[in-house]
Amino acid sequence: MALTVPPASSEPSRAVPFGAARKAPPPGELPAVHHLLLCVALPHFAVSPDDGQLTGEGLEGVYGSGRRLLSRCRLRIAGREPVPLQGRMVAADRARFLAVVRTPADAGPDPELSVERLRDADGTERITLHNSARRARRIPVEIALGTDLAELATVAAGRAGPALPAGVHATGLRWSAADGAHAVVSADPAPGDALASAGVLRWDMELGPGASRTIELRIRSGRSGRPARPARPVGRTGSDPLPDAAADGDDPRLRKLFAVCLGDLRALLLRGPGGPADVYLAAGVPWRCGPPAAEALWAARMALPLGTRLAAATLRTLVRGQFRGPGGDFGRLPGPLRDAGPHLPPSCTGVEATLAFPVVLAEARRWGLPEQELAELLPAAERCLHWLRAAVGDSGLLAEPGPAGPQRAETQAHAHRAALLGADLLEACGRPGADDWRDWAAALRRRFRETFWIDDRAGGRPAAARSPDGRLLPYLNAGAAHLLDTGLLGEGKQAPGLLDAPATERLAALLGGPALDSGWGLRGLGGKEPGHNPFGHRAGAVRVHETVVAIAGLAAAGHTKEAVSLLRGLLEASEAFDHRLPEMYAGERRSVGGAPVPHPAACRPAAVAAAAGIHLLTTLAGIRPDAPAGTVALRPLPGAPLGAVQLTGLRVAGEPFSVRVSRLGLGMVEEAAAGLQLGVRAE
């Protein structure tokens, strides 16, 4: 579900009576999420504060298929709320909360009752009480439950409405909404008492010395006239397209980052309408769980080291929406508008997705996409190229849709990449037009170098965009990183880029300079540019995806110093986020003893950030496969900046692929498909 993001409220939370909800933010204010724990296994997710007590404040609650099924789940033991000690994620879909309970019956200052709560993304919760006293204890336990059954968009807008009245149902409570939706919470063991008017379940629990007792809560939902059928998350079924890959090495952060990113990708998988194999990645939780768009394609591309199944499924899903009627939109993929920063009008993500489609298909072929799937998807890629040919104006440059659309530098990079990899695809499949597209790309290179480069005393820079009247917008932004993302061709070679070698060297210096490199990653807009805002989506915040695009592009172009600087900053930032990278965070300048500042409304997990983490680590090994030719090239990052690295369980040509990089920076393949020629080094 795509939502417009208004400013988030900074009002602190207040203590409230047991069983009541805290005050919601005013209508129109997006609830802050940076301080919350998000358990995700789409279409389910649970949003919890670090004490585990769901009060209904802001976005708190358990959600299923875009609806809040439970907004309150507050625990009271022996007449008081537990003292929270720790709340943390233990997996992408589970959180663990630890607390103690102080009572007058304690023998001394040390608490004798502890409580552990394990909460799953689907709302299943195991609450375990442990008695450390040397005597038996009789403990009254109460759980206050409630819900509004509100749609996520309504909750986000601060208009969720009051809690619904509860009714006793079997071993728990049930709520029903006016539109026929209902939710049921059942408890095991059954409560001794259920108070529907207060939404409270009660137990009297006997705990012997050193004994533990567990209460399990489960949530079911449905609609009137239809049986409740809980949707199983894709990542928990045989439809999961992702392998059990892993990373390890001298730097222990590699293992953690890879595992968390892979877990987040699995948690974000959604099923399309085409059957079990029809899956794609939601853009991010909690705000963007709708149909796939450009982010899903970028994420699938960066996740190609995990196999081609996700990329193929994402491409198939997008083909269904491709425009095929007569007119200028023929061949284009749909997509919403997206903020492009303070100096440009919103950009069309449909254009971005259209240009990415042939690129993802061509690179998936290099990673081993089966020929049958390639043949199925090729016509859609040809339609994308047809749209590109028709959309380019007399200037030879691609403008944003509309009469006053600017020509953005990164859009030219996307178009150039699509042309070259599209030509590679056409030639490999025996289709006409490959030479024409290569000629078109060469003309675009000349035109770009003539019109987009701004000379100055420092050595020049690429313009961010060109206005319809020919004016260049000189602002330095992270979108320039896409000029280094040229795409993968055969024999492990990178496609040529829009910039020549001197311009690439100058861009590398700019990307590694203090205006763009915050020390934690690449700012969306240079720190000294007009309109810079460290929290602005494309006005100064660090976007993980673009930072990794820059790292990979710099590494491929041989600018190791700048690539390693950005890599170290991003890896250190990931520690501050427990390696669950958000889609963006503040572009504040790094200082001694400081930490990256979260963005209050950023999705976390986010597909492009999680996939970027995978891409970041595979860049260390420089894996460049050419499955159709039966070869794989390795180009590890020179100097092994993080020491020895090992990647296992990746996929090349549909088979497990494992690689090791030594402390000397030498790459060695340890596992590969039979017949794959190994040890080829890309130049």
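**A guided reading of the predicted chain**

In this predicted model, G492 lies in the loop that runs between strand 27 (472-473) and helix 9 (501-511). With a relative accessibility of 0%, G492 counts as buried, since the cut-off for that class is under 20%. Its separation from R383 is 109 residues in sequence, and the two C-alpha atoms are 27 Å apart in space.

The chain as a whole gives the setting for this residue. Its secondary structure comes to twelve helices and 35 strands. The radius of gyration is 27 Å, close to the 26 Å that the globule rule gives for 683 residues, and the chain is therefore as compact as a globular protein of that length. Along the principal axes, the C-alpha atoms fill a box of roughly 80 × 55 × 50 Å. Of the 683 residues, 59% count as buried. Among contacts with a separation of 6 or more, 63% are accounted for by residues 24 or more positions apart. The protein chain exposes about 26500 Å², of which carbon and sulfur atoms supply 52%.

Four strands form an open sheet in the order 1-2-4-5, with antiparallel pairing. Its edges are strand 1 (37-41) and strand 5 (67-70), each of which pairs on one side only. Neighbouring strands of this sheet are turned by 25 degrees against each other on average, direction ignored. Strand 1 is mostly covered, five of its five residues being buried. From this strand, L37, C39 and A41 point one way, whereas L38 and V40 point the other way, and all are buried. Five bridges join strand 1 to strand 2 in the antiparallel sense, and L38 stands opposite V47 in strand 2. These two strands form a hairpin with two residues between them. On the next step through the sheet, strand 2 (residues 44-48) pairs with strand 4 (residues 61-64) over four bridges, again antiparallel. Here F45 stands opposite Y63 in strand 4.

Strand 11 (residues 137-146) pairs with strand 16 (residues 200-207) in the antiparallel sense over eight bridges, and I143 stands opposite L201. Strand 15 (residues 193-195) also pairs with strand 16 in the antiparallel sense, over three bridges, with D193 opposite R202. Strand 15 and strand 16 form a hairpin with four residues between the strands, in which G199 takes a positive phi near 65 degrees.

Another open sheet of four strands has the order 18-32-33-34, with antiparallel pairing. Strand 18 (246-249) and strand 34 (667-671) stand at its edges with a single partner strand each, so one side of each is left without a neighbour in the sheet. The twist averages 25 degrees from one strand to the next. Within this sheet, strand 32 (residues 645-652) and strand 33 (residues 655-661) pair in the antiparallel sense over six bridges, and V661 in strand 33 is the bridge partner of V645. Helix 2 (residues 252-267) lies across strand 18 and strand 32, running at about 170 degrees to strand 18. Helix 12 (residues 607-621) packs on the sheet as well, touching strand 18, strand 32 and strand 33, and its direction makes about 110 degrees with that of strand 32.

Two further helices complete the tour. Helix 7 (residues 409-428) has 20 residues and reaches 29 Å from its first C-alpha to its last, close to the 28 Å expected at 1.5 Å a residue. Because 18 of its 20 residues are buried, helix 7 is largely enclosed by the rest of the structure. G430 follows helix 7 and has a positive phi, near 70 degrees.

Helix 10 (residues 544-556) has 13 residues, which at 1.5 Å a residue should span 18 Å; its end C-alpha atoms are 18 Å apart, in agreement with that expectation. This helix is mostly covered, with twelve of its 13 residues buried. Among the buried residues of helix 10 are V544, H545, E546 and T547, together with V548, V549, A550 and I551. Just after helix 10, G558 takes a positive phi of about 85 degrees.

Technical notes
Residues numbered from 1 in each chain as written. Predicted model: local features only at pLDDT ≥ 70, side-chain atom pairs only at ≥ 80, totals over all residues. Heavy atoms only, no water. Pairing = 2+ DSSP bridges. Axes fitted to C-alpha atoms, helices over the stretch in contact; angles between N-to-C directions. Rg over C-alpha atoms; globule rule 2.2 N^0.38 Å. Buried < 20%, exposed > 50% of the residue type's maximum accessible area, 1.4 Å probe, protein only. Contact = heavy atoms within 4.5 Å. Areas by Shrake-Rupley, 256 points an atom, 1.4 Å probe, with all protein chains shown as cover. Expected span 1.5 Å × (residues − 1).
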